[in-house]
There are 4 protein chains.
Amino acid sequence: VFDAIFTSDALLEATSDAAWIAAMLEVEAALARAEGDCGVIPQEVAERVARCCEQVRVDPAEIGRNGRDSANPVIPLVEAVRHAAGAELAGAVHYGATSQDILDTAAMLVAKKVTTLVVADLDVAAAACARLAEAHRETVLAGRTLLQPAVPTTFGLKAAGWLVALLETRARLVEVRDGRFAVSLGGAAGTLASLGHHGEEVTAALAERLGLGVPLLSWHTGRARVVELAAALGAIAGSAAKIARDVALLMQGEVAEAAEAGGRSSTMPHKRNPAAAAEILAAARRASGLVGVLFGAMDHEHERAVGAWQAEWPCLSDLFRLAGGAAARLSEMLAGLSVDGERMRENAEASKGLLLTEAARLALSAELGDAAARRLVEAAVGRVRTEKGTLADALRGDPAAAAALGPNGLAALDDPSSYLGSAGAFVERALAAYRAATGR
Amino acid sequence: VFDAIFTSDALLEATSDAAWIAAMLEVEAALARAEGDCGVIPQEVAERVARCCEQVRVDPAEIGRNGRDSANPVIPLVEAVRHAAGAELAGAVHYGATSQDILDTAAMLVAKKVTTLVVADLDVAAAACARLAEAHRETVLAGRTLLQPAVPTTFGLKAAGWLVALLETRARLVEVRDGRFAVSLGGAAGTLASLGHHGEEVTAALAERLGLGVPLLSWHTGRARVVELAAALGAIAGSAAKIARDVALLMQGEVAEAAEAGGRSSTMPHKRNPAAAAEILAAARRASGLVGVLFGAMDHEHERAVGAWQAEWPCLSDLFRLAGGAAARLSEMLAGLSVDGERMRENAEASKGLLLTEAARLALSAELGDAAARRLVEAAVGRVRTEKGTLADALRGDPAAAAALGPNGLAALDDPSSYLGSAGAFVERALAAYRAATGR
Amino acid sequence: VFDAIFTSDALLEATSDAAWIAAMLEVEAALARAEGDCGVIPQEVAERVARCCEQVRVDPAEIGRNGRDSANPVIPLVEAVRHAAGAELAGAVHYGATSQDILDTAAMLVAKKVTTLVVADLDVAAAACARLAEAHRETVLAGRTLLQPAVPTTFGLKAAGWLVALLETRARLVEVRDGRFAVSLGGAAGTLASLGHHGEEVTAALAERLGLGVPLLSWHTGRARVVELAAALGAIAGSAAKIARDVALLMQGEVAEAAEAGGRSSTMPHKRNPAAAAEILAAARRASGLVGVLFGAMDHEHERAVGAWQAEWPCLSDLFRLAGGAAARLSEMLAGLSVDGERMRENAEASKGLLLTEAARLALSAELGDAAARRLVEAAVGRVRTEKGTLADALRGDPAAAAALGPNGLAALDDPSSYLGSAGAFVERALAAYRAATGR
Amino acid sequence: VFDAIFTSDALLEATSDAAWIAAMLEVEAALARAEGDCGVIPQEVAERVARCCEQVRVDPAEIGRNGRDSANPVIPLVEAVRHAAGAELAGAVHYGATSQDILDTAAMLVAKKVTTLVVADLDVAAAACARLAEAHRETVLAGRTLLQPAVPTTFGLKAAGWLVALLETRARLVEVRDGRFAVSLGGAAGTLASLGHHGEEVTAALAERLGLGVPLLSWHTGRARVVELAAALGAIAGSAAKIARDVALLMQGEVAEAAEAGGRSSTMPHKRNPAAAAEILAAARRASGLVGVLFGAMDHEHERAVGAWQAEWPCLSDLFRLAGGAAARLSEMLAGLSVDGERMRENAEASKGLLLTEAARLALSAELGDAAARRLVEAAVGRVRTEKGTLADALRGDPAAAAALGPNGLAALDDPSSYLGSAGAFVERALAAYRAATGR
């Protein structure tokens, strides 16, 4: 319901009933031509059938309703084509194929279009992350673990982490697209008996015409490529959710370190809601459920399944919408993200140095040993919690600690940017990988 | 995609974007009137607002697209109503409510309609089961466990099991409907501050007008009633799946004990596919995924969630379609089911008495002790497997066994209906419960 | 792995292999006695078998490994009992029952113990919520929606919301326990043929002895009661997760409004992690997955399932641990929760009145109309964002607004507790329901 | 509960608490040595710490219980090591690492061992499939779609389909192992601040020592590699489930075309249950739920998650057991599978030629046109259903059909092996791929 909220117009269209019908008709047309190529049916007949597939107009809603008798939309669609083709050509329509051949191969065509859209959105999102990582290499903020302030980090490194998540999940989607999108053609039960000895040849010609791969066997009941695609999409939704979660948390009133561009409330004029983040998080929750269903639906019976397959293509179509939708919203959210580096520093400093307890402990430990260091820092933390002053102040007040740390050491404990470790180097690693992946 | 295949036209309509919009407008209208009732806004204004809600026409697709800014459809819908109402009335539209109040309460209205449809379908399905249980009280077939022939049972008892599953899951849905469908009204953050001290009063008036319950508190982030509804629907889908699984198995060519009325193949004229069963099994797989997502989405943040709630209503709407669709297909499947009692007996007898090994063992055990009985039966089973003749024949050939069983005991082992235990009594229990539940 | 982290010692024990074995032996003992009661086997034999079940000692790990041959632990367990009972009694052990009878009924016994533990933990948690609701009836804090400050609320109302969630989900668990925990006894294929005409009688006697209900039919393949139990537990985990999510968010460094008692970090002495919250949230995520699997596993084949049933009891056992574990951690977390009401007010006031934009808009609207009110408030919000001063200050600076609101109206806008609506009344509703439910 | 039933002894051990502890200690030891290598701590100290990690003995149950305070087992484990190491070395133990570094990297070590076991089991299973495909290249049986007899196929092609499923999912697991198993080292919040400028160097040295990859960044909250592993395992479980489903269906009494070697019943001596199939199907159901939870748990907050991460490693460990267990049972099931080719042919012939309706239709269509062919075949099917004789007989009785088909054509319709299309070629494709993958 209200799918538009959770996806893009382009994905709505690419996954509509009409788009699935167009893909199925494209498969039927290519199949006829492939059979013409291989001499299974006369080329002239093949061409006329293919044109008929290209020109026929059907009502998607009617196809759906008429699909109830056969538990799939292919049979009513083939009937519509046969009717349009006329009695003479009817026998050459859908020749040798089974419903599942058409729908599985059509799913790959839909997947190709969806992948193009998703990759484009991921590219926009990744570019935004790269920009943020570069721009905020030195923007210090509190690193937060289990939602507690931990040690300082940089917003650049946070953005670099987002970037790497997008690069990795994008790479996997491309891998699946390039290696695993294939036609499926098995005929009634996987033997392609209706094509006589032309089975392999027609399969190859069909694949060639559709720009898809040739599988070892038709994959009527071997669904590894379905779940690989599902997993690739699920990982993209999940990575988008991680970023959305961060943005929603950064936007909290008490934190206020970043903000989405949009987000309206129905009652409160001052509110700026993380609307895109909410949409991404919602889409990702639903996507993970779909992934689980698809993995659970691999137990196809014998040569074609009763139920497991019929659950697949609707789930896949929903997953296209939702995982793709998450990527689409992410690209918008990141492109419009405003970042308040000043507020980040203020929040970091509001910890009164407690972000640097690890630093203090390690520095003291080098001089006084681990146990003493722990004792001193714990005592200082106690004082920071109950008194005025920072961690540095508290340690300055302890002669042993003050001596061990020295003035520079104490000063460093008042400066979160003194304790950033490899943050800069890590940002650079991520950006180098980004540049390598994109050639930018 | 092609939702019509997996649900009924009535459910398609009851869960459409238009239906959700109608429900939201019904809530807005009732809210205005309730506020008029309680003096929060003038009654005459309330009435004009309510009528405007009843008359406004909006484009569902546009509401969806415009909902992106706020991650829900309520804000654009309220804007449309305000625009239609004009500047003077605009302030009284959606007065005091938050988006979630409207959508959550609308979900309950949609749920009521859906429940009516689902209960009606379950009633048809249960009636069909009751008929089958009565008609086939004495129709013997192989009881099958782990898909292996076990001991005899009756088709009447199988149908009684289906009946009980439907009675139990129907009862729970009715329980949820009667006890847990309630309005939610909390305003911006659950305090109903905008209604001053009229909060409880308006809530009660709203509930009265909509025929829904009054909750202890608005349930913006307390989602127990959502998952209770989801669970009730999921159990219905699961029970339908159990029956569909049985029907698909009974329809196997080698079994051929029952058949759906419809089911077409695209290539093979002889084939009669379990199409409804496939649709039910597919719907149930998807339903269980949605149930999982809804249970996983209970961790709403603070006063209203970022993501968890936005995942809920689309999942709920899909679940209405799919669980309801499973019930709809089930009612058709069972109403049209043909049962071949003769074939059941033939299949049972084809086991050459192996369905009665337990009977033989128990009968022998009473005379000869457990260990000897096991030995004799195992030996006899070996002979049945390798030679001609039935279990009775094999035991007849063993003097000790023959003596222990006697002629009547041996004869009984050739008659599966001699070993049905409480099957008849159990059928009667189920039918009595059915009659008690329905007053038939 | 490391289950102890996510559950209590009592639940670890109650769901251990040993506990399941003890429950199965309890069922076998009660079955023998019930059969003695009904004259199916001699009472003296029954008693000796029952004692043997009570006294036999088995190695749980060995039962597991030996269960591989039959895909369940009952057969090796029965063999162990028969071996201990000796040849004479062996035939009376497990008489007439099938493996699933024993395991399903044992699951109900385990469920009873688990339910007792869970209800006790929920009671502790609910009592803590009730105390918090009472103590903090007037503790004002920012209501937060989509993680953004919205309008003021009270911590009392937040705790009341938690309380209601616990009351509702506890009530459902008790309902399932009281109405749906039943024995299952069907014999090899549901007919209880092995018990002749004693089927119903033995079932009733078994139920009586075990303190469980009598089902209409054995529920070998009618799994509604399994998913009802799963749903009840899942809802408890989900409600615990909602509270845990809130606590983790309240504990954030920048918010600091509440804190768990414990929570250690491995590297940073100052850190106080929301450890219990993390455990609850983790347990709830896993629980929701288990719920989904259980709902998906209702499609049992024929008289007993191949796979669906064998997936059930391990999932149920895990769900006992995790949902129960969530309740256990919740009770500890809430009992030890420290609440900083002062910090709540500070944070609320740090919004510079922006929590009261709705209040301002409504107040102005009454005097100047909706459109003018919106304009004035939006302008004021703009000034608060860029200049010093609160919302009240900004509106005071606008003559029209200042006149419309008057001095009292303006003053109210500086006091979040002026805009709490029905918060107090709602707290009272929740506490009244709590008192009614518990008799306190 | 009773995990042994669903997995192998080797996997039980490799995923036990003790194994996780051993892996964590291996990481701590390697970390110390890597820090020694890079001069972060003195080499001699490093060596002593490492040896202490190798020698310390801890009680896994105690580690679990003590892990409650921190929501993970690492902190109590580190404390145990520090205690064993003594005050002098304590500071060098776990130096610079955070809990998650240790547990995530340990998970990769556990995953490596598990992968070795799983790949070995898949190899056994694949070899069995290859043998079956070769041996049964020409064994004809009914191809079954939606559980209905469709057209003939060969058992060789069915086994080839299983083989391809195993090859594909094995390949993906190996890909993930080789490309995505990496250390994670980020320190408190991903900056490795505690290691100063040695972060990248120590990470590389740690990876080198553990035989794992070096990630771009530590993956505290970028969980793509976790879900990629989960997906690879889930696909293996799903492929095993497909095969198990087929075997269970083939074992049905009325089908009886194949059988597992084992499978005992508690009551019926004649029964031979598909026990391994049941275990595989159960494991796969649970595995798909775990996959869904893991994909749903990618929304880690900020620098380390509260709940999402803590849900991961238990789910991963369960998934290791269950997906690996499915592979283990599969290897046993397939190695012991008996195939009854004669029964397959009998069953195929029992269809009285109805498996060849497509063949008849296509043959007639070539002579008489599509519409006439359909009419003739439908009429013939009707006669086969109601009269004696096969499809060929029925068509022989129709002059037009008889003339069109000729004697050879009619004879072919009585021989299912006349209509196998590319079955043989497809078997060869699969075997060639198998040989290429394994070098056999």
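So, let's start with strand S2 of chain A, residues 148–154. In this predicted model, 7 of the 7 residues of that strand are buried, so the strand is largely enclosed by the rest of the structure. To be counted as buried, a residue has to have under 20% relative accessible area.

What does S2(A) pair with? Its partner is strand S1 of chain A, residues 140–145, and the two run in the antiparallel sense with 5 bridges. If you want a spot to look at on screen, find Ala142(A): across from it, in S2(A), stands Pro152(A).

Okay, let's zoom out to where chains meet, starting with A and D. On chain A, 82 residues are in contact with chain D, and on chain D it's 82 residues as well. For chains A and D, that comes to about 7,000 Å², with 62% of it on carbon and sulfur atoms. Which residues of chain A lose the most area to chain D? They're Leu216(A), Leu217(A) and His302(A), and together they make up 11% of what that side buries.

What about charges? Across this A–D interface there are 12 salt bridges. Arg429(A) forms a salt bridge with Glu200(D), and there the closest N and O atoms are 2.7 Å apart. For polar contacts, the count between chains A and D is 32 residue pairs. On the chain A side, helix H10, residues 224–250, gives the most, with 15 residues. If you sort that side of chain A by class, you get 38 nonpolar, 23 polar and 21 charged residues.

Next up, chain D again, but now with chain C. Here 66 residues of chain D are in contact with 67 residues of chain C. These two chains bury about 5,100 Å² between them, and 60% of that is on carbon and sulfur atoms. How many salt bridges are there between chain D and chain C? The count is 6. To see a salt bridge between these chains, go to Arg285(C) and Asp299(D), whose side chains meet at 3.0 Å, N to O. Polar contacts between chains D and C come to 16 residue pairs.

Several helices of chain D give two or more residues to the side touching chain C, including H2 (17–37), H5 (74–85) and H12 (308–335). The largest share of that side comes from H11(D), with 10 residues. By class, this side of chain D divides into 30 nonpolar, 21 polar and 15 charged residues.

Ala237(B) sits in helix H10 of chain B, residues 224–250. Is Ala237(B) buried or exposed? It's buried, and its relative accessible area is 0%. So who does Ala237(B) touch, leaving out residues up to four places away in sequence? The list is Ala284(B), Ala287(B), Ala323(B) and Ala326(B). Now try Arg285(B): from Ala237(B) to there is 48 residues in sequence, but 8.5 Å in space, C-alpha to C-alpha.

Notes: Residues numbered from 1 in each chain as written. Chains lettered and ligands numbered in written order. Predicted model: local features only at pLDDT ≥ 70, side-chain atom pairs only at ≥ 80, totals over all residues. Heavy atoms only, no water. Contact = heavy atoms within 4.5 Å. Buried area = accessible area lost by both parts, 1.4 Å probe. Salt bridge = Lys/Arg side-chain N within 4 Å of Asp/Glu carboxyl O. Polar contact = N/O pair within 3.5 Å; in protein donor to acceptor, adjacent residues only side chain to side chain. Helix = DSSP H or I, 4+ residues; strand = E, 2+ residues; numbered from the N terminus. Nonpolar A, V, L, I, M, F, W, Y, C, P; charged D, E, K, R; others polar. Buried < 20%, exposed > 50% of the residue type's maximum accessible area, 1.4 Å probe, protein only. Pairing = 2+ DSSP bridges.
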